[in-house]
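Visitor: Would you kindly guide me through this structure by way of a few questions?

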Amino acid sequence: MQKNKLIIALKKLKPEETAAFRDFVASPYYNKRVVLLDLLDHLLTFAPAFSGEGIGKEQVFQAIFPDEPYNDKQLRYHLSWLNKLLEQFWLVQRQAVQEEHNLVVLMETLSERELEKHYRQQDRKLQQLLNGVEAPDAAHFRHRQEWADTRERHFQRQRLRRFNEDLQDAADALDRYYFLEKMKYACAMLDRQAILQGAYNVNITPEWLEYIKGQDYFGLPLLKLYVDIFRALSDEGQEYHFDALLGELDTISKAVPTDRLREIYFMAINYCARKIRQGQERYVEEALSLYTKGIERRILMEQDNLSPWTFTNVVKLALRLKRYQWIEQFIAQKGKLLPEAFQENALHYNYAELYYYTKSYEKAQEHLMQVAYSDLNYYLGARTMLAKIYYEQDEEEALLSLIAAFTIFLKRNKQVSSAIKETFLNFCDLLYQLVRREGRKLEGLEKRIAGTELLTDRAWLLKAWQQKTGKAPER
């Protein structure tokens, strides 16, 4: 039963949805098979894990058909019907919050039924709702286009021979929706193909961009930002495009929806990351500034929480700039914004990084020992950092023991992807070779470190090799 689609779906049912779903199944409008309510009630007694004795196929069948012999086909039908009801329930729940779209559909229905007074009431309600939007995005203009299109069809049904502006409103809203969506996808494609292998057909010409500029970006600050980030991403050699984007982010961000602005901030941060990897240290400061401004303006916050990965990236950038006192204040102040489930691990890991960089190895180890195994990302980073500390303190026995234990953990753990596993296994192997080899046996190791495709902390390994051999790494 654990692999049954219904059981898998029920596990995703939120606690606050359970009662509502039961009412949904109990409603004869949605469900004419009363026995499905009995089936749901039986299954819900095993929530939230939906495991244990009594949830096997035969037990479930006997619970809803106590006087009948087990019939596998009949059970599968009922499980499938209940699963379809759950999917329909989620669809109804989603539709209920789409207020603008629902009003458009209602207006169309009222117009078709020639209920003019009802139609006008809903028209005023939708107009008030749409006019109250201060930071419009593409979805807003899609709603405006649907609204104007509905008004135009209502006008046609009345067979009036006079000029009607709804047709123009629908076309204008469609233009804004199209250009916003096209630029959003184009920017996302450029951002993603710079990170992952592969290339998209972006299909944006300079003339196309000039047309948008000639229209004064249709008066949309969001569209101006999309054009700026697109120019920066499509021509990364011309850095003035990125500088123009930074200026726009400081001046017009209040007129842009937070979700869209967050996407643009992360695209700009990814741009900085690529420049940093190219050795342009100026962009360490730019990336840190984007992060800190994004956090202070709550742009990079999601549901009042700060992502632990954003938190860690801020610390890493500030460490490169050696702003140790600032980092200590940042961890203490912004650590409170981390999601409760991640907070303890994130704080211990980032304090450990701070103390590692300032060579307070004892304090770093105290925090590393408290990073829980339950969070693989932090745990892998913590084991790697601890290995570096042991190496730098010449604690060879502790280091070799750690490498052996870490290697076994990586090989046996099924939660770690093959690529990540190889990245850390290569680190363990190369560090072991660095410790155990002496003299001429070290000569080929530098090329292995430089040439290994999947490897964490490559720069640190090369520096350790250089210090041990007294040679500069080959270029």
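This is a predicted model: local features need pLDDT of at least 70, side-chain atom pairs count only at pLDDT 80 or more; totals for chains, interfaces and linings use all residues.

Visitor: Which residue caps the N-terminal end of α5?
Guide: Helix α5 covers residues 72-96 and reaches 36 Å from its first C-alpha to its last. At its N-terminal end, a side-chain oxygen lies 3.1 Å from the backbone nitrogen of Lys-73. The residue that supplies this oxygen is Asn-71.

Visitor: Against which helices do the buried residues of α5 pack?
Guide: The buried residues of α5 include Leu-75, Leu-79, Leu-82 and Phe-89. An α-helix has 3.6 residues a turn, so residues three or four places apart point the same way. The packing partners of the buried residues in α5 are α1, α2, α3 and α4.

Visitor: Why is the pair of Phe-61 and Tyr-70 classed as it is?
Guide: The search of the whole structure finds 28 aromatic pairs. For Phe-61 and Tyr-70, the ring centres are 5.5 Å apart and the planes lie at 80°. Planes over 60 degrees apart meet the cut-off for one class, so this pair is edge-to-face.

Visitor: Is Tyr-70 buried or partly exposed?
Guide: Phe-61 has 0% relative accessibility and is therefore buried. Tyr-70 has 30% relative accessibility, and therefore counts as partly exposed.

Technical notes. Residues are numbered from 1 along each chain as its sequence is written. Side-chain values use heavy atoms; hydrogens and water are left out. Helices (H or I, at least four residues) and strands (E, at least two) are DSSP runs, numbered from the N terminus. The expected span of a helix is 1.5 Å times one less than its number of residues. Buried means under 20% relative accessible area, exposed over 50%, partly exposed in between (1.4 Å probe, protein chains only). Contact means heavy atoms within 4.5 Å. A polar contact is a pair of N or O atoms within 3.5 Å; within protein, one must be able to donate a hydrogen and the other to accept it, and residues adjacent in sequence count only if both atoms are side-chain atoms. Rings of Phe, Tyr and Trp (its six-membered ring) pair if their centres lie within 6.5 Å; planes under 30 degrees apart count as stacked, over 60 as edge-to-face and the rest as tilted.
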